[in-house]
Amino acid sequence: MSSLRVVLIGYGPVGARFVEELLPAVEGGSIALTVVAGEDVEAYNRVLVAEYAVGNTDLDAMFVGDRAAAEAAGARVLLGVAAMSIDRASRTVLLSTGEALPYDRLVLATGSRANVPTLDGVERHRRDLSSLEKYAKQLVARDDELPEGVTTLRDLADAERVLGAVRARKRIIVLGAGVLGLELALAAAHAGAQVCVVHHGPHPMPRNLDRGGGQVLRSALRRSGITVIAHSRAEAVAFRTDADGTRRFDLLVTADGKQLRGDLLVLSCGVSPRNELATLAGLRTAVGIVVGPDLASWTDPHVSAIGDCAQVVERTDELARQRVLPGAPSGLIGPGWRQASWLAATLIASATGVEASTDAAAPAERDAIVMLKAEHIDVVAVGDITADPWDDDAVHPRRRVSQWADPEHLRYVKMVTEDGALTGFVSVGMPRTAAELTLLFERRGELPADRSMLLRFDGPDYDPSADADAFAPASTVCWCNGVTVGRIEEAASCGIATVEGVGRETRAGTGCGGCKGRIAEILARAAGAGGTPSLTA
């Protein structure tokens with residue numbers, strides 16, 4: 001029986017996980033795998049790009065792929081080669097090298113690109129079908145070229161530009177107050193750079209936080225030395241000409257007349273899926289590449305999409321006729337990894353003829369838990385937190401809202417329940433409480449009747465070792481990889497004593513990194529009262 005020819009376009013963290021899961025079948029000869037990587041470096045964790053941009057981590061710690069292992073198993077990995085078009089009729093992919101690559105199954109893991117907002121002085125390109133058909137060579141597999149002194153923060157080249165400004169203690173303006181922009185701003189300020197965050201919302205992280213949590217976070221940012229300018233919509237950029245004739249960013253102009261001078265402008269205005277290959281190939285796209293619960297394209301069952309570019313929508317006759325579809329790619333690494341593992345298992349079953357051990361559809365994802373990871377600032381939010389404690393009970397008779405705020409000490413918690421079960425929460429400056437609420441949310445567990453009992457977790461007298469539930473073997477620690485307390489304790493019993501070592505053994509902490517504190521607690525508990533685990537080996 002001939003090998004199933006699988007072509008993967010995209011070699012980020014989701015693509016790398018797909019390759020890793022597929023390798024046994026590649027080595028066994030049932031699958032012939034070719035990876036079109038685009039970038040000329042090994043797959044790395046883009047979640048850590050902000051850390052790399054301020055010198056808090058090095059490239060070796062970011063790598064998540066293993067090209068050598070893939071090639072040793074028989075896979076072909078093409079670094080620095082881009083896919084330019086897809087011919088679905090002949091089932092081939094045209095590469096930037098001119099090669100036409102045949103496939104039986106095509107997997108798109110093209111990820112997303114940083115949004116470039118509409119600013120006078122900064123050129124941005126449309127990527128609709130008409131534009132792509134006219135300017136494919138300029139738009140496919142390329143990002144918009146930005147002026148000197150203006151950058152996004154999506155890849156290593158962007159991070160190098162930011163790192164140069166941080167090391168030189170330059171003035172950095174971050175446009176946007178989402179998670180990535182704030183993590184960069186906090187890390188850069190901590191490294192000694194002058195940082196200003198500009199956004200047009202009422203408070204930072206407006207999509208994730210309510211007013212109370214947002215105001216406490218804004219105070220925390222300002223106490224960290226960051227200038228925060230809210231309610232200001234950026235309108236234009238102005239430039240200066242250096243002595244060598246280089247035209248570079250000088251100041252940001254807002255619609256309300258502010259002129260903010262800086263050395264580097266970082267655009268952190270969200271991301272958009274890289275859909276251009278799918279659009280040109282005639283595949284159905286909406287926000288992302290539209291796939292069903294089986295991750296196969298609505299248009300072509302031989303094409304699948306995973307990760308940031310995949311918009312999972314169950315096809316119905318009604319939805320098929322609509323231009324606008326519900327949902328969007330999650331944008332988080334954990335769901336992408338789970339999609340990659342599920343699709344790899346499905347393809348292996350197809351290639352070997354062995355019945356798949358997975359469900360018929362990729363695992364459905366609940367509301368994503370959003371975490372802001374920065375030194376001395378802990379923010380966690382999930383679910384719908386728009387409800388107010390003083391809302392009319394007659395409208396939502398089973399919903400209850402509890403709030404607790406200590407703005408002076410930068411602490412805030414809001415919990416929303418339905419029939420006693422937690423449906424959403426915001427936590428700022430309360431890391432242990434947030435960890436407990438995360439467990440309750442994932443388990444759909446009921447909160448105690450006296451909600452104030454949850455605040456004890458961040459109290460001065462709280463003893464984690466006395467709370468058996470948080471350290472129960474079945475309790476999940478790393479949501480990105482589904483690693484439990486028991487799995488980490490098992491690794492510790494084998495002599496692994498560092499958070500980094502646990503990551504190598506179990507993958508825990510290698511995604512968003514929000515669980516590293518809990519991993520350290522578990523290791524310390526396993527080592528005894530005097531245990532002091534470190535983050536590195």
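Helices (H or I, at least four residues) and strands (E, at least two) are DSSP runs, numbered from the N terminus. The model is predicted: local features need pLDDT of at least 70, side-chain atom pairs count only at pLDDT 80 or more, and totals for chains, interfaces and linings use all residues. Residue numbers start from 1 along each chain as its sequence is written, and side-chain values use heavy atoms, with hydrogens and water left out.

**Stop 1: Thr279**

Select helix α9, residues 276-280, where Thr279 is found. Thr279 has a relative accessible area of 16% and is therefore buried (under 20% relative accessible area; exposed is over 50%, partly exposed in between; 1.4 Å probe, protein chains only). Leaving aside neighbours within four places in sequence, Thr279 is in contact with Leu129, Leu132 and Thr285; contact means heavy atoms within 4.5 Å.

**Stop 2: Ala296**

Next, select the loop between β18 (289-291) and β19 (303-305), which holds Ala296. Ala296 counts as buried because its relative accessibility is 10%. Residues up to four places away in sequence not counted, Ala296 touches Val290, Val291, Pro301, Val303 and Ser304.

**Stop 3: Ala421**

Move to strand β25, residues 421-428, which includes Ala421. At 18% relative accessibility, this residue is also classed as buried. Val416, Arg444, Gly445 and Glu446 are touched by Ala421, not counting residues up to four places away in sequence. Leu440 lies 19 residues from Ala421 in sequence and 8.1 Å away, C-alpha to C-alpha.

**Stop 4: α13 and α15**

Show helix α13 (residues 485-493) and helix α15 (residues 516-527), whose axes come within 10 Å and cross at roughly 50 degrees. Axes are lines fitted to C-alpha atoms, for helices over the stretch in contact, and angles run from 0 to 180 degrees between N-to-C directions. The two helices, α13 and α15, are therefore oblique to each other (under 35 degrees is roughly parallel, over 145 roughly antiparallel, 65 to 115 roughly perpendicular, the rest oblique). To see the contact, select Val485, Ile488, Glu489 and Ala492 of α13 with Arg518, Ile519, Ile522, Leu523, Arg525 and Ala526 of α15.

**Stop 5: the cores**

Finally, select Phe18, Ile31, Leu33 and Leu108, the residues with the most contacts inside the largest nonpolar core, which has 78 residues. A nonpolar core is a set of buried Ala, Val, Leu, Ile, Met, Phe, Trp, Tyr and Cys residues joined through side-chain atoms within 4.5 Å. Another core, of 50 residues, lies apart from it and includes Ala53, Val195, Ile226 and Tyr412.
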